[in-house]
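Here is a friendly tour of one protein chain, taken a piece at a time. Please keep the viewer open as you read.

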Amino acid sequence: MIAKTTPGTDHEEEHGPDKVSETPSSVASKSSSITAAHERSAVKGPQLVEKETKIITWSKVAVAFVLLFATAAAATTTYRYTSQQDEIEFQTRFEDTASQIISVYETNTKKFFDVYDTLSLQVTIQVLESSEEWPYVTIPRFEAIAEKVLNQTAATNFGLAVYVPAVNRTRWENYSDTNQGWRQEGYDYHNSGTTASPVVPFIWNSFQAFGPANQTQQGRSGYLPMWQTAPILTSTRLSNFDAFALGDFGSVFDRARKLRSPTLSRVRPESLNKTANLEDGAYASPDSYIVAPIFEDVGSDKVVGALTSLLQWKTYFINLLPEGTSAVVLVIRSTCNQTQSYLIEGPDVKYLGPSDLHDAKFDAEMVETVFTPFSEAECLHTLELYPSQDFQDRYTSLRPITYTISVIFIFILTASVFVGYDCLVERRQGMVMNTAQRSTAIVSSLFPATVRDRLMDEVIAMQTDSHDKALERDHSSKLVSSWSAYSPSDRRGNEPRSSSSASGGNAVAIKEGGGFIPRSKPI
């Protein structure tokens with residue numbers, strides 16, 4: 001029986017090569033594909049979880065290393081920067097202190113120089129205005145004058161030496177014996193009530209073999225006897241001792257005469273290693289002679305005597321710094337191969353020993369200058385100033401450590417927040433996983449394996465749904481194109497007959513847009 005479509009519709013039954021039906025093989029193929037996809041998902045599931053777990057773990061390790069590196073870098077940078085600031089402050093303070101030492105010491109030595117130079121000129125003028133002639137000269141009130149000089153220079157002693165030609169030796173010895181009243185005058189100046197002992201009545205030149213000098217020193221045509229000396233209360237009886245016999249005093253005298261100015265001798269070798277009378281065996285300060293030539297007249301080249309003192313080297317550096325200033329090490333070197341070290345601590349000075357005793361780690365901080373105004377002395381002296389460990393400690397603060405610890409603490413706090421957050425996320429994920437596992441267990445207990453697999457298949461099908469829909473649209477387009485190729489008569493002649501036994505009295509028609517719809521009942 002021929003079936004017809006419901007009026008007003010475009011549906012027809014399709015017969016021919018593009019008939020749409022699912023064969024047993026296609027159903028089996030689709031079932032096989034779904035089963036294979038399910039199996040692949042079952043295999044890849046644990047692998048995917050394991051892979052994601054590894055990625056997350058390595059990400060955490062990477063973040064930990066970044067935080068650790070950032071902490072180390074920030075702490076190192078902070079420590080180095082703050083330490084550098086302390087070092088700069090230390091260097092600046094030391095340079096300022098060294099400059100202050102050099103400035104004050106130069107002022108002090110200039111003062112010493114001027115005292116002896118001025119007094120030498122005054123003696124020349126005083127003798128010119130008197131009836132005396134050289135060498136038969138005695139300076140009145142010598143003890144009072146010497147006291148002023150000693151207070152200004154902190155010298156150990158002060159004395160007047162006169163040059164006596166060998167031919168005038170006897171006359172000089174007679175003069176000194178009859179004009180020794182200056183000694184008692186000195187005692188009276190101090191109101192000591194002491195009676196002065198007599199001067200040695202002859203020129204002498206040896207402490208070991210006391211007696212009249214047999215001859216002048218080698219190469220000399222006269223003597224240079226010490227005449228008036230101070231302080232009278234403590235000075236050794238040096239009257240009439242030939243100063244040319246005192247080590248290198250003669251060479252210093254000649255140099256002073258040539259330079260026409262006060263001159264400093266080299267450090268007396270016997271004073272370099274001399275220990276003071278102290279229980280700790282501390283060194284006594286080294287000393288040198290200062291010799292100021294006295295000329296017969298202003299502008300004259302004839303030297304008739306000299307003013308001389310024994311100066312301890314530490315006196316040049318006393319009261320250079322204010323109280324409370326950290327210690328500075330001073331090393332004095334000379335072209336005469338002599339070295340001495342001092343510790344300058346505020347206004348006090350301590351002699352350390354006859355060698356370079358500064359800390360070698362402060363070599364780069366050295367400040368050097370020439371010992372002036374005695375730069376034309378027999379030996380050229382240079383001063384080297386170094387900071388002490390105490391000086392460095394004073395300007396080394398706890399800021400580097402404090403700031404570094406603060407930076408580390410901040411990073412530790414940041415890391416703690418990160419770890420806490422990660423723990424919360426892990427806890428949440430664990431709760432979700434436990435819920436999923438319980439749900440799976442409930443499904444497994446309530447449904448048979450076939451239902452459970454069907455549920456899993458639906459999940460897999462959802463993943464491939466978009467792909468299937470795309471294939472279906474493509475297949476429908478092909479069917480429409482093939483059906484449009486027949487003429488209307490061909491399409492009517494080729495309409496298949498419906499079998500009532502097969503379809504239950506109903507027929508099916510193909511919708512032009514694709515898909516199947518039921519036909520109306522046969523006429």
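How many bridges join S5 to strand S6, and in which direction do the two run? There are two bridges, and S5 and S6 (residues 287–295) run antiparallel. Please bear in mind throughout that this is a predicted model.

## The chain as a whole

The chain has 523 residues, and 34% of them are buried. Its secondary structure comprises eleven helices and 14 strands.

If you take the contacts between residues at least 6 apart in sequence, 69% of them join residues at least 24 apart.

## The five-stranded sheet

Strands S5 and S6 belong to an open sheet of five strands, ordered S4-S1-S7-S6-S5 and paired in antiparallel fashion. At the edges are S4 and S5 (263–264), each of which pairs on one side only.

## Helix H4 and its buried side

Now turn to helix H4, which spans residues 181–189. Which of its residues are buried? They are Trp182, Arg183, Gly186 and Tyr187. These four lie on the same side of H4, because the arc they cover around the axis is only 145°.

What covers the buried residues of H4? The cover includes helix H2 (142–153) and strand S4 (226–230). Just after H4 comes Asn191, with a positive phi of about 50°.

## A buried histidine in a loop

Our last stop is His358, found in the loop between strand S10 (348–353) and strand S11 (367–370). Is His358 buried or exposed? His358 counts as buried because its relative accessibility is 15%, and the cut-off for buried is under 20%.

The side chain of His358 makes a polar contact of 2.5 Å with the side chain of Asp356. Leaving aside residues up to four places away in sequence, His358 touches Val329, Val331, Asp363 and Tyr386.

Notes: Residues are numbered from 1 along each chain as its sequence is written. This is a predicted model: local features need pLDDT of at least 70, side-chain atom pairs count only at pLDDT 80 or more; totals for chains, interfaces and linings use all residues. Side-chain values use heavy atoms; hydrogens and water are left out. Buried means under 20% relative accessible area, exposed over 50%, partly exposed in between (1.4 Å probe, protein chains only). A polar contact is a pair of N or O atoms within 3.5 Å; within protein, one must be able to donate a hydrogen and the other to accept it, and residues adjacent in sequence count only if both atoms are side-chain atoms. Contact means heavy atoms within 4.5 Å. The arc is that of the directions from the helix axis to the C-beta atoms. Two strands pair if DSSP finds at least two bridges between them.
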